[in-house]
Amino acid sequence: MSLNFLLIDDDEIERLKFARVLQKNNYPHSIVEAKNGEEALEILAQKEQPDLIFLDLNMPKMNGLEFLRELKSNADLRYIPVIILSTSNNHQDLKEAYKIGAAGYIVKPLKYEDYMHKIKCLIEYWSVNELLQV
Amino acid sequence: MSSDDILILKRALVREKTARKQAEKILEDKSRELFLLTHELKGANEKLQDLIGKKELELQGVFDNLVDAYVLIDVYGNILEMNNAAKILFGYDITEEKINVMSLVYKEDYQYAMTSFQQLVSEGSFTDYQARVYTKNNGVRTVHINASLIKDKKNNSIRAQGIIRDITEELEQKQIFEEQKKQLSAIVENSSLGIALTQQDKILQCNKAFQDLLGYTQEELLSKEIKDVSLAIHNGSPAEFLQKMEKGEIDTFSMNQKYIRQDQSAFWAKTNVAAVRNPNGSIKYQVTLVEDITEQLEFEKQREKFVKDLEKTNNELKDYAHIVSHDLKSPLRNINALVNWIKEDYGDVLNTKGLNHFSMIETTLEKMETLINDILSYSSAGDKDNLNTKKIDLNSLVNDIKNIVLIPKTTSVNVLKKLPVIKGDVTRIQQLFQNLIGNAVIYMDKENGKVEIDYQDKNTHHLFIIRDNGIGIKEEYHNKIFKMFQSVGDNENSTGVGLAIVKKVVELYDGEIWLESTLGIGSTFYFTLKK
């Protein structure tokens, strides 16, 4: 099954990393990238809804949690699962993210190998999930 | 002789007889009168003698019981009589030894004594003589004397008498009182507190500080009332307090009051008012103490602001450390990814040396990440707001740590005594034990490494002891090791943050940490945690 991802991260290399994991593992999934929350909302308004959103927390303009709040208050978009990709393992951030309605929370590891492992697990997990199509 | 003659003679004889009888009767009467008169006189005389005796006794009684000393002297100064008080004062008994008053006069007062004595002779008396005298047993005393001459009928001086009062103690008391008065006025005058005596709000007297505080002279202030120089009331109404004071319900009160200087500028002063009462309880006057607290209030305000600022800065710093740590990690991750990709994509065109350098970059990145993590945990270690306090069984905590810390087979880690269950934040307590146990294991140079964990109950605190037979720490480093980034060992992986975190956690739980160590033999770390 091919999934559509929306990756929201202001860091170009982070976006490259994610794309490389898909490419290197020959995943059939497609990816749309947004540099921040605002851009992501525009994309969501225009294009077909993604199956899964990967969201960085620390971004300029609209940050991750603000975007998440916005998304969860939108009746059309609220069921799209959002996985947080964060640099912070701070308990408060974690709690806040889940409170608003994150579906998962990944702390980005230092090593690229570790990162690849985590993303692979995630994608494989979500590939076998039934997803709600609104 | 004729019969006529005889008749004549007879008649003459009768006449003569009668005349004699009459004379005898007169004589008898006169004699009786004289006897009666003599008798009366004798009686009167006896009565008079009695009276004199009585008066003399009375006088003696008076003299003897006189509180003041009484001395009677002759014109040469020899003491003839002393009453009881005089005997006690001078300590002499004139029935036993003869004394001349001049021998009693204090050496330095001799001239004055002579002058006074001459005044006594020439004017018949002197009063308010005040000088020092020698006494037999009581040293030199200061006395007050009033004296007068006694003269005989011919106006010759025969005696002199004096009433003597010992005023030594009175003078001493007076002197003490004067001294105290002086001291008090010196204190009042030089006090930095403004002090005023007031009566019904009216200023009766005030010290220099009070004048300086308000910028008026004493004279100006004496025509003023407290309400003329004060403004609004900070806490409590003085009128209310004064009423209570008037009623006798309170003797003192204290309040902050705003005063107005002569130049119309205002200042806050702490004002203490104390009542000085008459014997019947009514208020004689009030002592008002005024202390300028403008600066103090300013200071307090400033301090409050400082505390607030500090709190804010602290919070910012916490956030800052947090954010910076994560922001610093992002580039590290990126570098790591890029290095990885170069190795993956161009591995075959790189030689061993090049690949080796890339490995070194990766190691450096890891070290950098450890450092950032340490800073992060150090900055959150002492954070009191973020504690997750629970009961912790230290026995299982230490067991967990033994599994986490890589312990070589040559080293044993033993708990000597059953450890207590304490209350605390698991993360912090684990950091504490893990760092200390970890250090003991890492800095172990002996074949047969021993790490022992001991415990003592110290009433208010738990005392933990972690002892090792490792490399030991030079005494000059004993303080340094607890400071941030001060790694004194030669372990490459040490960032020098571990013991700084340990100290922070110990302090978080109101404890202390110290160590005993001998280089080459081992170290013992002691730390306490408040129960």
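Colleague: What should I know before I start?

Modeller: This is a predicted model, where local features need pLDDT of at least 70, side-chain atom pairs count only at pLDDT 80 or more, and totals for chains, interfaces and linings use all residues. Residues are numbered from 1 along each chain as its sequence is written, chains are lettered from A and ligands numbered from 1 in the order in which they are written, and side-chain values use heavy atoms, with hydrogens and water left out.

Colleague: In what order do the strands of the open sheet in chain A stand?

Modeller: The general idea comes first. Strands of a sheet pair through backbone hydrogen bonds, either parallel or antiparallel. Helices (H or I, at least four residues) and strands (E, at least two) are DSSP runs, numbered from the N terminus. Two strands pair if DSSP finds at least two bridges between them. Now the case: 5 strands of chain A form an open sheet in the order S2-S1-S3-S4-S5, with parallel pairing. The edge strands are S2 (30–34) and S5 (104–107) of chain A, and each pairs on one side only. Neighbouring strands of this sheet are turned by 20 degrees against each other on average, direction ignored. Axes here are lines fitted to C-alpha atoms, for helices over the stretch in contact, and angles run from 0 to 180 degrees between N-to-C directions.

Colleague: How many bridges join S4 of chain A to S5(A)?

Modeller: 4 bridges join S4 (residues 82–86) of chain A to S5(A), and the two run parallel. A:Ile84 has A:Tyr105 in S5(A) as its bridge partner. Helix H4 (residues 91–100) of chain A packs on the sheet and touches S4 and S5 of chain A (contact means heavy atoms within 4.5 Å). The direction of H4(A) makes about 155 degrees with that of S5(A). Helix H1 (residues 12–24) of chain A lies across S1, S2 and S3 of chain A, running at about 180 degrees to S2(A).

Colleague: How many aromatic pairs are there over all chains?

Modeller: Rings of Phe, Tyr and Trp (its six-membered ring) pair if their centres lie within 6.5 Å; planes under 30 degrees apart count as stacked, over 60 as edge-to-face and the rest as tilted. The search of the whole structure finds 18 aromatic pairs. One of them is A:Phe5 with A:Phe54, edge-to-face, at 5.4 Å centre to centre and 90 degrees between the planes. A:Phe5 lies in S1 (residues 4–8) of chain A and A:Phe54 in S3 (residues 52–56) of chain A, so the pair ties together parts that are 49 residues apart in sequence.

Colleague: Which strands stand at the edges of the sheet in chain B?

Modeller: Start with the order, which is S2-S1-S5-S4-S3 in chain B, an open sheet of 5 strands with antiparallel pairing. S2 (79–82) and S3 (125–134) of chain B stand at the edges with a single partner strand each, so one side of each is left without a neighbour in the sheet. The twist averages 30 degrees from one strand to the next. S1 (residues 69–74) and S5 (residues 157–166) of chain B are joined by 6 bridges. Along them, B:Ala69 stands opposite B:Ile164. Helix H3 (residues 110–123) of chain B packs on the sheet, touching S1, S3, S4 (140–151) and S5 of chain B.

Colleague: Which residues lie nearest the centre of the largest cavity?

Modeller: Rolling a probe the size of a water molecule over the atoms shows where empty space is left. On a 1 Å grid over the protein atoms alone, a cavity is a set of points where a 1.4 Å probe fits but cannot get out, and a pocket is an open set with protein on both sides within 12 Å along at least five of seven lines; lining residues have an atom within 4 Å of a point. B:Ile73, B:Val101, B:Phe126, B:Tyr129 and B:Ile145 lie nearest the centre of the largest cavity, which has 21 lining residues. S1, H3, S3, S4 and S5 of chain B each supply at least two residues of that lining.

Colleague: Which element gives the most to the lining of the second largest pocket?

Modeller: H4(B) does, with 6 residues. The lining has 15 residues, and B:Leu184 is among those nearest the centre.
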